[in-house]
Amino acid sequence: MKRGAERNPASAEGDWLIDKRCIDCGAARHVAPGLIVRRGEYSVFDRQPSTPEEMHQAWLAAELCPTRSIRTESHLRPPPRVYPHELAEGVHLCGHNHRSSFGAHSYLVVRPSGNLLFDSPQFTRKLVAPFEEMGGIGKILLSHRDDVADADKWARHFDAEVHIHRDDRSAAPYATHLIEGSSPAEATDLGDGVRAIPVPGHTKGSVVFQVDETYLFTGDSLTWSYERSAMRAFREACWYSWSAQKQSLIGLAEYTFARLFSGHGPWSPHREPQEMRKLLLELTERM
Ligand code: SF4
């Protein structure tokens, strides 16, 4: 058995287990809230899944975990097509989070003019076939340097454009398009209702993407807290400038959105745009 692959005894007794290779990325807790919880520095099952819905949540967690820490003693085989998992109309969680991005979430958005991949999951056959059936990938939109994962492999397979900000381009030298601008006021219209909004802070080249003035894909610049029904940002994981990140988020409040989808954190519920603006400005005051 690999080091750390033994069962974490803090996890609820029963068939399902989580091992100690867990890097506490939090992703499993976003798809199985309450069922999988944090104890110490690890995620554990709070109880064994007992309903069909909880079994589905356990599989979502198992098929997303970047360290493959979630499994069963009885070696159950996963059901077919756990991912992509639809979160909102046309917005799919990809699962298969990559360890190199510290387990960041990625999202496929289905569009008639070409599907959009926001950040990147592992390149795996479990996603290649469903992505092909859903129409492939037209553009890969990278929020920043940390979450590029297997974007190069996806781009090659689907002959997709790759967009990243000029200041983070060294992480994706294969990018076909560089996003310019140093503040939210210098957003770029990418067509088909998609806008790239520079938000320097987490990294110098961080970008959030607005779709149809409804959805905001925020990478690691901004996330949601279900416990507080509020937005939050990660001061402990800010690599460029916290004060710049605060100014960027103040500028971001000028844009309309009703849901956010982040890399390290859960997706928000739908809220009226005025409410989202208020919550974002409240976050910047706390910063
Ligand atoms: S997804 Fe895996 S690595 Fe991340 S918190 Fe859950 S068990 Fe740990």
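Let's start with a pair of strands: S2, residues 36–39, runs antiparallel to S3, residues 42–45, and four bridges join them. Before I go on, please keep in mind that this is a predicted model. Within that pair, Ile 36 stands opposite Phe 45 in S3. How many residues sit between S2 and S3 in the hairpin? Two, and Gly 40 in that turn has a positive phi of about 65°.

Now, let's step back to the whole chain. The protein chain is divided into two parts, with domain 1 covering 16–72 and domain 2 covering 85–286. Their C-alpha centres are 24 Å apart. Where the two touch, domain 1 contributes 11 residues and domain 2 contributes 12 residues. If you look at the side of domain 1 that touches domain 2, you'll find seven nonpolar residues, three polar and one charged.

Which residues come nearest to the ligand? Of the 16 residues around it, those are Cys 22, Cys 25, Ala 28, Ser 43 and Cys 65. By class, that shell holds 10 nonpolar residues, five polar and one charged.

Next, a few backbone details to look at on your screens. As background, most residues other than glycine have a negative phi, and most peptide bonds are trans. With that in mind, take the loop between strand S4, residues 70–72, and strand S5, residues 85–88, where Pro 84 is found. The peptide bond joining Tyr 83 and Pro 84 is cis, with omega at about 0°.

The loop between S4 and S5 also holds His 75. This residue is not a glycine, yet its phi is positive, near 55°. Is His 75 buried or exposed? It counts as exposed, because it has 7 C-beta neighbours inside 10 Å, and the cut-off for exposed is 12 or fewer.

There is another example further along the chain. Asp 159 sits in the loop between helix H4, residues 151–158, and strand S10, residues 161–165. Its phi is near 50°, again a positive value in a residue other than glycine. Asp 159 is exposed too, since 9 other C-beta atoms lie within 10 Å.

Notes: Residues are numbered from 1 along each chain as its sequence is written. This is a predicted model: local features need pLDDT of at least 70, side-chain atom pairs count only at pLDDT 80 or more; totals for chains, interfaces and linings use all residues. A residue is near a molecule or strand if its C-beta atom, placed from the backbone, lies within 6 Å of it. Ala, Val, Leu, Ile, Met, Phe, Trp, Tyr, Cys and Pro count as nonpolar, Asp, Glu, Lys and Arg as charged, and the others, Gly among them, as polar. Domain bounds come from an automatic or database domain assignment. Two residues are in contact if their C-beta atoms, placed from the backbone, lie within 7 Å. Two strands pair if DSSP finds at least two bridges between them. A residue is buried if 20 or more other C-beta atoms lie within 10 Å of its own, exposed if 12 or fewer, and partly exposed in between; C-beta atoms are placed from the backbone.
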